[in-house]
Amino acid sequence: MASLSEEVLLVVKKVRQRKQDGTLYLMAERIAWGPEGKDRFTVSHLYSDIRCQKISPDGKAKIQLQLVLHTGESTTFHFANESTALKDRDAAKELLQQLLPKFKKKANKELEEKNRMLQEDPVLFQLYKDLVVSQVISAEEFWANRLGGVNNAEPAPYNNKQEVGISGAFLADIRPQTDGCNGLRYNLTADIIESIFRTYPAVKQKYSENVPHNLTEKEFWTRFFQSHYFHRDRINTGSQDIFSECAKQDEKGLKSLVTQGVKNPLVDLLSLEDKTLDEGYGISKTLPSTSNAIKSVKESSNSAIIKRFNHHSAMVLAAGSRKGDVPNDQASETSSTDGNSRDSDLFQPPLKKVKLQEAIEYEDLQRENAPKTVALNLKKSDRYAHGPIPLQSQQYTTSQDIINSVNCIRQEMANYKPSLTRVLSSTTATSAVAALSPGGVLMQPVGQQSINQMVPTDIQGELKHLYIAAGELLRHFWSCFPVNTPFLEEKVTKMKTNLERFQMTKLRPFQEKIQRQYLSTNLTGHLEDMFQTAYGKFHIWQTRRMMRKT
Amino acid sequence: MASEDELNLLVIVVDVNPIWWGQQGQREPQFTLSKCLDAVMVMGNAHMAMTRTNKLAVIASHCQDSHFLYPSKSWKSGDSGGDEASSSRDGKYELLSVANNLIAEEIRSIMAKTEVTGNSTDTLLAGSLAKALCYIHRFSKELEVGQEMKSRILVIKAADDCALQYMNFMNVIFAAQKQNILIDACVLDSDSGLLQQACDITGGLYLKIPQKVALAQYLLWVFLPDSEQRSQLVLPPPAHVDYRAACFCHRNLIEIGYVCSVCLSIFCNFSPICTTCETAFKIQLPQMVKPKKKKLKQAA
């Protein structure tokens, strides 16, 4: 049934499907067909389900449109309106052509995104296995918070791939090989085709117009290579050639490029012409031409080649910088290909200044603009002197004591002579050694052995996974509070059952396992505490709800 | 010629606080500063005798200043004055006898010059450690090409900690950590929290010896091996260090507290104005929810 909110893009009457008359509706997200007289749709396909569309060739009597779905089945619509059948069919086809690509990507993108996320992050993958595969929570809840970016149109944060530029020699790389007989083989790869389309948008347009209706791809490219558009002579033949328009467009574009000139005021291209000092010192401009005709042909072919080279280079540069370019970049030197000739005189003086300043000044040598900092203003700076050290009782020494001690030590050290043979007596030495031997006074292990030395690593790993999974569940649980909507109420109860289930299926076996291994340390106490807190909260909420209802 | 052996530099910082040692001399006459210095000399000799490329430096940490006992500046300037010093009377390895004589001479002169005023009765340990670090740094710059050096500092501590040196001490500790210099501590009298932290942070050994008389034995057993050899030996386990900070208002050790984000001073209670830097803070209290008036359902 058509919902009222769906936007109907196109309605075609008198469309037969399976020998029944009816009307075809194209909507925002699906295509549907309903039989004549009834107001419900018998056939309805989402655009994302449709793999491709096919049309009957022009010559046939029946004008048909076929939709092939991803599942393999196909639906055929026969446009039966005598007068406007072809037009209708073409209109439907055009619309589908625009809509299908949009939906095709969306369906796969989500799955792709999910797979990618699971593959990239092993922790996430483990969490997914623990929770979803063992059916503790459903897959939708799991992906609820994680897939924020996929349904937006922008894949930008994940596609940080750099754009590949176009090689200037892409046409030359095609390298035709002789076929044995008089023909030439051109090897076209997808890269080359893409380069051609990016550099020459006119060709791309011709391609989309003609393929797949008038010509097959192969025919298109054969024509392309045969045309003089491709070859260097570029002598315009008759208008049979579909590329003669392209040639004319290119001529126009080139002329506009030349008139536009270079925007950098410090670069004067015109002064680079060949200048002659005198006869014999360079190229003389006026040469008596013996045979004008031949000369002119040769000259014109030379100038044609040079023109082609220049144009080709300009197009390659423009295509490479087209996507990242700021449209109003005054300082850029690449010329635009759409032939806009801006009035560069207006921009001349400030541009020159900018260029000169760039040449004179060095960023490194400028004064550093460090961010302004606020000075620390302390009222009691003596606190820093002792720092966070607890107060210790100082021994009080009277000044008399001090004087006595100093005198004492001075006397002693005045006659100090090292007597290194009587430093240590054997008894003291042995008692010291005893204290330092294992089991001695100094060798008692201080404090407990840390837990991570007592617990085997695989148990540690399992505990870690348990914590991650429990954390995820508890996060879902606690995010439901405060419970405002009925959806949250449902979710809260569901999460509580999930928590209980998790405790049963995962936590208890783990506890039993470590008990069996005689590990006396309490590894799961904290987890249990967390669960109990959650249950307690749920209980409180439930009782409050009961009280409110009564 | 560049030697391929790794240089091992040991810097011994001896606490020669005259007040403490004077009192110690009266308390226990069998262990005085002389005995302590003898033990230090034995340790130094042993260290230098282990490998030819081992180097030694001894710094005396006094109340007034820190003084290099060995190597001393006067030694290098001219051998004529050092004739007496260099001739060893018992056939000892010359380097060792020179070192011993120098140390004895220096400590005698330091003690003779001691004048203690009432207010400076604390050992300048942070300063001595800083001097040790500088010496190590200078030494490492004078190495030949291709020579590597490993260094450590051994602190023999007698008197109590001085809380005012906290900042400098911590700076020294972190500098040593950055330079991979171990700080070992042999404590004679009372435990020192600062040295415990120093040993923990830099990876050295902290030991409070039960018998001062057997100082030489402890030094040779525990502190003579360098860090590589220590991993092969069974030595006293590291002590548990109490890293709890004390709050600035009461100087009590606390585990959870409040820290001012401007001056980083630690408090045990929240106060809206930090007393050190007078910054005002607001803390968000949980919202007070007004109880809603509920309409009571009329009993049918």
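Colleague: Are α15(A) and α16(A) roughly parallel or roughly antiparallel to each other?

Modeller: This is a predicted model. Here helix α15 (residues 486-516) of chain A packs against helix α16 (residues 525-549) of chain A at an angle of about 150°, and their axes are 11 Å apart. Angles over 145 degrees count as roughly antiparallel, so α15(A) and α16(A) are roughly antiparallel to each other. Their crossing is left-handed.

Colleague: Which residues in α15(A) and α16(A) meet?

Modeller: From α15(A) they include Val492(A), Leu499(A), Phe502(A) and Leu507(A); from α16(A) they include Leu527(A), Phe531(A), Phe538(A) and Trp541(A). Sorted by class, the contact of α15(A) with α16(A) has 10 nonpolar, 4 polar and 6 charged residues.

Colleague: What do Lys496(A) and Glu500(A) form with their side chains?

Modeller: Side chains of opposite charge can pair when their charged atoms come close. The side chains of Lys496(A) and Glu500(A) form a salt bridge, with 2.6 Å from N to O. These residues are 4 apart in helix α15 of chain A, so about one helical turn separates them. Over all chains, the whole structure has 16 salt bridges.

Colleague: How many salt bridges are there between chain B and chain A?

Modeller: The count between chain B and chain A is 0.

Colleague: What area do chain B and chain A bury between them?

Modeller: The size of an interface is often given as the accessible area lost when the parts come together. Chain B and chain A bury about 5,000 Å², with 67% of it on carbon and sulfur atoms. Phe248(B), Arg251(B) and Thr276(B) supply 13% of the area that chain B buries against chain A, more than any other three residues. The contact takes 68 residues from chain B and 49 residues from chain A.

Conventions:
Residues are numbered from 1 along each chain as its sequence is written. Chains are lettered from A and ligands numbered from 1 in the order in which they are written. This is a predicted model: local features need pLDDT of at least 70, side-chain atom pairs count only at pLDDT 80 or more; totals for chains, interfaces and linings use all residues. Side-chain values use heavy atoms; hydrogens and water are left out. Axes are lines fitted to C-alpha atoms, for helices over the stretch in contact, and angles run from 0 to 180 degrees between N-to-C directions. Helices (H or I, at least four residues) and strands (E, at least two) are DSSP runs, numbered from the N terminus. Angles under 35 degrees count as roughly parallel, over 145 as roughly antiparallel, 65 to 115 as roughly perpendicular and the rest as oblique. A crossing is left-handed if the near helix is turned anticlockwise from the far one by less than a right angle, and right-handed if clockwise. Contact means heavy atoms within 4.5 Å. Ala, Val, Leu, Ile, Met, Phe, Trp, Tyr, Cys and Pro count as nonpolar, Asp, Glu, Lys and Arg as charged, and the others, Gly among them, as polar. Buried area is the accessible area (1.4 Å probe) that two parts lose on being put together, summed over both. A salt bridge is a side-chain nitrogen of Lys or Arg within 4 Å of a carboxyl oxygen of Asp or Glu.
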